[in-house]
Amino acid sequence: MVGWIIPPPKPPIKSKSKLLIEKQKKIVWLKNQGFLKSKRIEDAMLKVPRELFVPYFYRDHTYEELPFPLPGKNSTISCPHSYPMFYEAINLTKGDNFLEVGTGSGYGAVLAREIVGSLGRVTTIEIDSATIQYARQIINTFNYHNLYVIKGDGGNGYEVHAPYDKICITVACPKIPPPLIAQLKEGGTLITPCLTTRPIQDLIVLEKHKDGTIIKRVVEKVLYVLLQGDYATEI
Ligand code: SAH
């Protein structure tokens, strides 16, 4: 993986209570660093056990700022800070109809489901068969009625549940796929890493205003795996 030194895999030895203490410290750190601002996202992070989503042999490193490889060709569970960074930037809120492109481990989708609550809806799309199998097996243990895990090319979105209040693309795109902009509600917000510069990418927030105007702004520099499928190359 470019940009990080990943520790060697080994069987985990940390207890549940040790991981809980590490999680609480991580939340304080995320707040101090400015990644985590709102109580609702903090509550969701406290509630969801990230260690369940981290591959077994990396579990002791759950609360370190490292991405870990997942089953699948190019899949990772992103660093802990990336989730509040994305969700604060789009102001993910209770009741939102939310779409995630790139399920990965499923951690981001479950966290989002905790934020949008039982009246919202989360749809997450994953292109890789091995990755989606891994994610489904974990997500199913949560028994949510309103979290949908879809196998497919997220560049084309998921028309069935559109329009979306918020869309999160967790892979780097050469250009924001037009179907995703089309499936965003007027008044909605989308966030995505974009390959405007390489290898470090611009994290872009796109707002679709009520009159249809599109406003984009760069909020951070990030490093994500690349989008696959129909919109993998410049269009
Ligand atoms: N949301 C997760 C995953 C990040 S890794 C997290 O933040 O931890 C990105 C994932 O996107 C990988 O699992 C990869 O297989 C998937 N992916 C890449 N291109 C995709 C596409 N066109 N549609 C759906 N998923 C895609």
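User: At what angle do helix H2 and helix H4 pack, and how far apart are their axes?

Analyst: This is a predicted model, in which local features need pLDDT of at least 70 and side-chain atom pairs count only at pLDDT 80 or more, while totals for chains, interfaces and linings use all residues. Residues are numbered from 1 along each chain as its sequence is written, and side-chain values use heavy atoms, with hydrogens and water left out. Helix H2 (residues 39-47) and helix H4 (residues 107-116) pack at about 130°, with axes 9 Å apart. Helices (H or I, at least four residues) and strands (E, at least two) are DSSP runs, numbered from the N terminus. Axes are lines fitted to C-alpha atoms, for helices over the stretch in contact, and angles run from 0 to 180 degrees between N-to-C directions.

User: Which residues of H2 and H4 meet?

Analyst: Arg40, Ile41, Ala44, Met45 and Lys47 in H2 meet Tyr107, Leu111, Glu114 and Ile115 in H4, where contact means heavy atoms within 4.5 Å.

User: Why does His61 count as buried?

Analyst: Buried means under 20% relative accessible area, exposed over 50%, and partly exposed in between (1.4 Å probe, protein chains only). His61 has 13% relative accessibility and therefore counts as buried. His61 is found in the loop between H2 and strand E1 (68-69), and touches Pro7 and Phe68, not counting residues up to four places away in sequence.

User: What makes Lys14 partly exposed?

Analyst: The relative accessible area of Lys14 is 27%, so Lys14 is partly exposed. Lys14 is placed in the segment before helix H1 (16-32).

User: How do you know that the side chains of Lys14 and Glu22 make a polar contact?

Analyst: A polar contact is a pair of N or O atoms within 3.5 Å; within protein, one must be able to donate a hydrogen and the other to accept it, and residues adjacent in sequence count only if both atoms are side-chain atoms. The contact between the side chains of Lys14 and Glu22 is 3.0 Å. A polar atom of the Lys14 side chain also lies 2.7 Å from the backbone oxygen of Asp60.
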